[in-house]
Amino acid sequence: MKRIRLIWACMAVSLLSACAIKETGEDITEGKVGVMLETEVDTTIKETKPTIEIIKETQNIGETLDTKNTEIITEAESKTEQSNAGDLGRKEAYKAVLENLYYHNTLPNGNDYGFNEFRNITDNRFAIFDIDSDGKEELIIEFTTTMLTSGMVEVIYGYMPESKMVKEELTEYPILKFYKNGVIEALWSHNHSMSEALWPYTLYQYNPETDTYLVVATIEAWEKSISDTKGEIVFPDQADIDGDGIVYYIQAEGEYGYHNPVDFAEYKEWRESYIGDGTEIQIPFLNLTEENIYNIK
């Protein structure tokens, strides 16, 4: 009987061991599943790392572009500030020139143009205007309150930011025509020529290299009806191709005299080569008053 009990006890122990082994196996299986999940998570993380790196690299590129953009903006702002400072210096310099003219009747070159004390200084005019189309405003002064007509003068001033001083671009008698292509036609103060049909004039053209106006030529005409001789020179009939009794003289700077006459057609062709379509610029002149000077900003 005891033997039978012992056998049953052994069998019970075996069954319990088998169950334990089964349960352990299930735990291991579950453990394996857990490891697999961890592996999948690890794999996902490993696969995600390049994406994170790309995002970081993109951010770095974005930061670089932002830095460059900031540098460009900063540079543009700096240039704008310099331009504004230059404009302010320009206006202040022009204002000083006008004040000196208003209170002391003197222009920057110090020349005495013979101010007429019986005239009003406010009859003179000025304009701040980009006349030569270089992107910078010039000061144009018409000084006409002089004792003599020949003393009247019109001056174009530019500004030199390095020295903070003004420079003369042109000084002429104040009967000027300004053209959009940088050409100026300056009539002479007096007509000493042999023609009443054409008032003598000087043609100027703006030179951006020197920032001044250079003489192209002076122009005169000779009318045979006024005189068929000038001293020992006889009217050149051979040059008067159209037979209207007028010839023209196109004289380069430094040349003067009744040499190389041309007919109207040739003169017109030469003139149009410089004047072009003949579009004039209208200058917005103001009278030289304290108020107008003060209002320069």
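I took two strands as paired if DSSP finds at least two bridges between them, with strands being DSSP runs of E of at least two residues and helices runs of H or I of at least four, numbered from the N terminus. The model is predicted, so I noted that local features need pLDDT of at least 70 and side-chain atom pairs pLDDT 80 or more, while totals for chains, interfaces and linings use all residues. Residues are numbered from 1 along each chain as its sequence is written, and side-chain values use heavy atoms, without hydrogens and water.

Sheet. I looked up Tyr-204 and found its bridge partner in β8 to be Val-215; seven bridges join β7 (residues 201–207) to β8 (residues 212–223), and these two strands run antiparallel. I then traced the open sheet of five strands, which has the order β5-β6-β7-β8-β11 with antiparallel pairing. Because β5 (176–178) and β11 (246–251) stand at the edges with a single partner strand each, one side of each is left without a neighbour in the sheet. The twist averages 20° from one strand to the next, with axes fitted to C-alpha atoms (for helices over the stretch in contact) and angles from 0 to 180 degrees between N-to-C directions.

Helix. I found helix α2 (residues 264–275) packed on the sheet, where it touches β6 (183–187), β7, β8 and β11, and its direction makes about 30° with that of β7; contact means heavy atoms within 4.5 Å.

Lining. I recorded that the lining of the second largest pocket takes three residues from β5, which gives the most to it.
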